[in-house]
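User: Can you walk me through this one? I'd like the overall picture before the details.

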Amino acid sequence: MRNKLARFEDNKNTQNVIEEGKDLFNNIKGKWKSEYFKNDNPIILEIGCGCGKYTYSLATMFPNKNFIGVDIKGARIWFGSQKCLNNNIYNVAFLRTRIEHLDNFFAEDEIDEIIITFPDPRPKKSEAKKRLTSPRFLDLYKHIIKRDGIVYLKTDDFNLFEYTLYVIKAYNFKPIIFTTDLYSSNIDSYHKDIKTDYEEKYIEQGAKIKYLSFTFF
Ligand SMILES: C[S@@+](CC[C@H](N)C(=O)[O-])C[C@H]1O[C@@H](n2cnc3c(N)ncnc32)[C@H](O)[C@@H]1O
């Protein structure tokens with residue numbers, strides 16, 4: 001496998017990785033459909049996509065939607081990026097940035113759906129603000145997602161799941177479904193058809209997957 005530096009070098013020369021130093025990085029807000037995807041299909045964001053397996057799989061399942069995996073770790077994004085290139089999957093981009101800066105890259109209402117996959121649970125109270133479902137992050141998502149756009153969370157961590165439900169209710173957002181055991185539930189969702197890298201690992205260890213969805217309005 002290519003080492004980290006080689007992967008960074010590949011990313012620099014790869015069209016589906018949007019990162020600092022590339023023209024689109026500073027100039028894509030509000031223009032994903034016209035400048036990148038060149039179509040008018042809905043855009044789905046995966047938050048903290050890691051190696052990009054979920055983003056890749058979704059893009060393969062839904063060729064008429066656009067997918068953007070966001071993560072700060074370029075050496076991880078590389079896997080998804082290369083897989084898409086090798087399989088001629090073009091309805092995908094990988095954005096390398098901190099989630100904190102999402103509003104630099106997306107305009108109001110630009111996003112149709114958001115999926116947050118296995119975010120770091122950050123169990124310490126002092127780290128609560130860093131949880132990707134804390135109020136400041138939800139506020140960012142609220143600004144870029146369409147009014148009726150659905151946000152999904154998949155996690156193995158019960159405390160993060162409970163915390164997220166608490167925030168949703170405290171802010172009067174609208175929960176749609178929630179379960180502490182997705183794969184034993186009768187929920188009909190394409191999110192059951194694919195697993196992220198972390199998800200596979202957690203399931204192997206016997207974890208139950210918690211899942212919820214909500215809208216802001
Ligand atoms: C536990 S991993 C999960 C990866 C992937 N979603 C999966 O399920 O296999 C969490 C990912 O979120 C990314 N991440 C965490 N906090 C972030 C932040 N504030 N900005 C950007 N990426 C972040 C990490 O780099 C890491 O790749």
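User: Why does 17 Å agree with a compact globule for the protein chain?
Analyst: Because a compact globule with 217 residues would have a radius of gyration near 17 Å, and the protein chain has 17 Å. That radius is taken over C-alpha atoms, and the globule rule is 2.2 Å times the number of residues to the power 0.38. This is a predicted model: local features need pLDDT of at least 70, side-chain atom pairs count only at pLDDT 80 or more, and totals for chains, interfaces and linings use all residues. Residues are numbered from 1 along each chain as its sequence is written.

User: How many helices and strands does the protein chain have?
Analyst: Seven helices and eight strands. They are DSSP runs numbered from the N terminus: helices are H or I with at least four residues, strands are E with at least two.

User: And which domains are assigned?
Analyst: Domain 1 covers 1-107 and domain 2 covers 111-217; the bounds come from an automatic or database domain assignment. Their C-alpha centres lie 21 Å apart.

User: How many residues of domain 1 are in contact with domain 2?
Analyst: 19 residues of domain 1, against 18 residues of domain 2. Contact requires C-beta atoms, placed from the backbone, within 7 Å. On the domain 1 side, strand 2 (43-47) and helix 3 (53-61) each supply at least two residues. By class, that side has 13 nonpolar, three polar and three charged residues. Ala, Val, Leu, Ile, Met, Phe, Trp, Tyr, Cys and Pro count as nonpolar, Asp, Glu, Lys and Arg as charged, and the others, Gly among them, as polar.

User: Switching to the ligand. Why does the shell around the ligand lie between the domains?
Analyst: Domain 1 and domain 2 both give residues to that shell, so it lies between them. The ligand is surrounded by 18 residues, the closest being G48, G50, F118, T196 and Y198; a residue counts as near if its C-beta atom, placed from the backbone, lies within 6 Å. Helix 7 (residues 197-204) gives the most, with three residues. The shell has six nonpolar, four polar and eight charged residues.

User: Last topic: is strand 4 mostly covered or uncovered?
Analyst: Strand 4 (residues 92-96) is mostly covered, with five of its five residues buried. Buried means 20 or more other C-beta atoms, placed from the backbone, within 10 Å of a residue's own. V92, F94 and R96 point one way, A93 and L95 the other.

User: What does strand 4 pair with over five bridges?
Analyst: Strand 3 (residues 66-71), in the parallel sense; pairing needs at least two DSSP bridges. There, D71 has R96 as its bridge partner. Strand 1 (residues 17-18) is also parallel to strand 4, joined by two bridges, and I18 stands opposite L95.

Methods
Two residues are in contact if their C-beta atoms, placed from the backbone, lie within 7 Å. A residue is buried if 20 or more other C-beta atoms lie within 10 Å of its own, exposed if 12 or fewer, and partly exposed in between; C-beta atoms are placed from the backbone.
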